Amino acid sequence: MARILLVPGRSAAAPDHWQSRWAAANPDYQWVPRPSGPLFDLELRVAALHRAITAARTPAVLVAHSAGCITTVVWASRHAGPVRGALLVAPPYIDPEWRPGPDDPDEPAIDVPRTALPFPAIVVASRTDPYAEFEESRDYALDWGAQLIDAGDAGHLHSAAGYGPWPAGEQLLKNLL
């Protein structure tokens with residue numbers, strides 16, 4: 001048995017987003033709380049994920065979307081815990097050379113870990129994601145030791161791209177379980 005922890009992206013998932021639908025249909029799925037404060041404070045997000053993972057001894061399967069994928073891999077590079085696997089959907093590409101400039105005073109530099117995850121993972125990537133080219137997502141999957149799923153022309157795999165119901169994603173999650 002595993003707990004399902006939903007790791008949100010940068011902003012809250014819309015009610016018709018696949019993560020929100022999965023949460024509504026499965027009351028035992030738990031959201032990792034989004035900390036108050038800046039829209040995406042990586043340190044606060046990683047701490048919230050750590051608290052959620054270590055809140056129980058039952059292994060967790062992490063289901064992350066977008067920036068939640070970055071939270072997940074940063075957590076895995078710093079911590080150990082009862083994690084059985086991760087479904088990483090549409091991770092945004094963060095250029096390792098990017099550093100905040102004078103116009104970005106509240107944006108921290110983020111170094112995305114490029115080492116193998118200590119648990120099985122699946123990366124779902126789109127060929128038309130505005131936040132990552134397919135090749136960038138492929139490289140993440142290779143570096144993380146994850147299986148890569150080519151979602152085709154799927155945008156950012158969110159509700160605006162038509163991903164409210166997502167039966168193929170549910171099957172991927174079942175495969176991890």
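This is a walk through the structure above, one selection at a time. Keep in mind that the model is predicted.

**Stop 1: the largest nonpolar core**

Start by selecting Leu62, Trp75, Leu88, Leu117 and Trp144. In the largest nonpolar core, which has 33 residues, these five touch the most other members. Now colour the elements that supply this core with two or more residues each: strands β1 (3-7), β3 (60-65), β4 (83-89) and β5 (121-125), plus helices α2 (42-54), α3 (67-78) and α4 (134-144). Which element gives the most? That is α3, with 7 residues. As background, nonpolar side chains tend to be buried together in soluble globular proteins.

Keep Leu88 selected and show what is around it. Beyond its neighbours within four places in sequence, Leu88 is in contact with Ala64, Cys69, Thr72, Val73, Leu117, Ala121, Ile122, Val123, Val124 and Trp144. There is also a second, separate core, made of 21 residues; pick out Leu6, Tyr29, Val124 and Tyr163, which are among them.

**Stop 2**

Is Gly68 buried or exposed? Its relative accessibility is 0%, so it counts as buried. Leaving out residues within four places in sequence, Gly68 is in contact with Val7, Pro8 and Gly9. If you'd like a distance to draw, run a line from the C-alpha of Gly68 to that of Tyr29: the two are 39 residues apart along the chain, and the line spans 16 Å.

**Stop 3: helix α1**

Move to Gln19, in helix α1 (residues 18-25). Gln19 has a relative accessible area of 1%, so it is buried. What does Gln19 touch? Not counting residues up to four places away in sequence, the list is Leu6, Val7, Pro8, Ala13, Trp31, Val63, Ala64 and His65.

**Stop 4: a cavity**

Select Val7, Pro8, Val32, Pro33, Arg45 and Ala48, and you have the lining of the largest cavity. Its volume is about 30 Å³, and the count of cavities of 30 Å³ or more comes to 1. The lining residues divide into 5 nonpolar, no polar and 1 charged.

**Stop 5: salt bridges**

The structure has 4 salt bridges; we'll visit some of them. Side chains of opposite charge can pair when their charged atoms come close.

Begin with Arg114 and Asp143, whose side chains meet at 2.6 Å, N to O. Arg114 belongs to the loop between β4 and β5 and Asp143 to helix α4, so this bridge ties together parts that are 29 residues apart in sequence. Both ends are partly exposed: Arg114 has 33% relative accessibility, and Asp143 has 28%.

Next, select Asp150 and Arg127, a salt bridge at 2.7 Å, N to O. Here strand β6 (residues 147-150) holds Asp150, while Arg127 is in the loop between β5 and α4, so the pair links parts that are 23 residues apart in sequence. Asp150 is partly exposed at 37% relative accessible area, and so is Arg127 at 47%.

Then look at Asp139 and Arg138, paired at 3.3 Å, N to O. Asp139 is partly exposed, with 30% relative accessibility, and Arg138 is partly exposed as well, with 33%.

**Stop 6**

Finish by checking the backbone at Ala90. Its phi is near 60°, a positive value in a residue other than glycine. Ala90 lies in the loop between β4 and β5, and at 1% relative accessibility it counts as buried.

Where is Leu157? You'll find Leu157 in the loop between β6 and α5 (167-176). Phi of Leu157 is near 50°, again positive in a residue that isn't glycine. Leu157 is buried, with a relative accessible area of 1%.

How values were computed:
Residues numbered from 1 in each chain as written. Predicted model: local features only at pLDDT ≥ 70, side-chain atom pairs only at ≥ 80, totals over all residues. Heavy atoms only, no water. Core = buried A, V, L, I, M, F, W, Y, C linked by side-chain atoms within 4.5 Å. Buried < 20%, exposed > 50% of the residue type's maximum accessible area, 1.4 Å probe, protein only. Helix = DSSP H or I, 4+ residues; strand = E, 2+ residues; numbered from the N terminus. Contact = heavy atoms within 4.5 Å. 1 Å grid on protein atoms, 1.4 Å probe; cavity = no way out; pocket = protein on both sides within 12 Å on 5 of 7 lines; lining within 4 Å. Points joined across faces, edges and corners; volume = space filled by probe spheres on them. Nonpolar A, V, L, I, M, F, W, Y, C, P; charged D, E, K, R; others polar.
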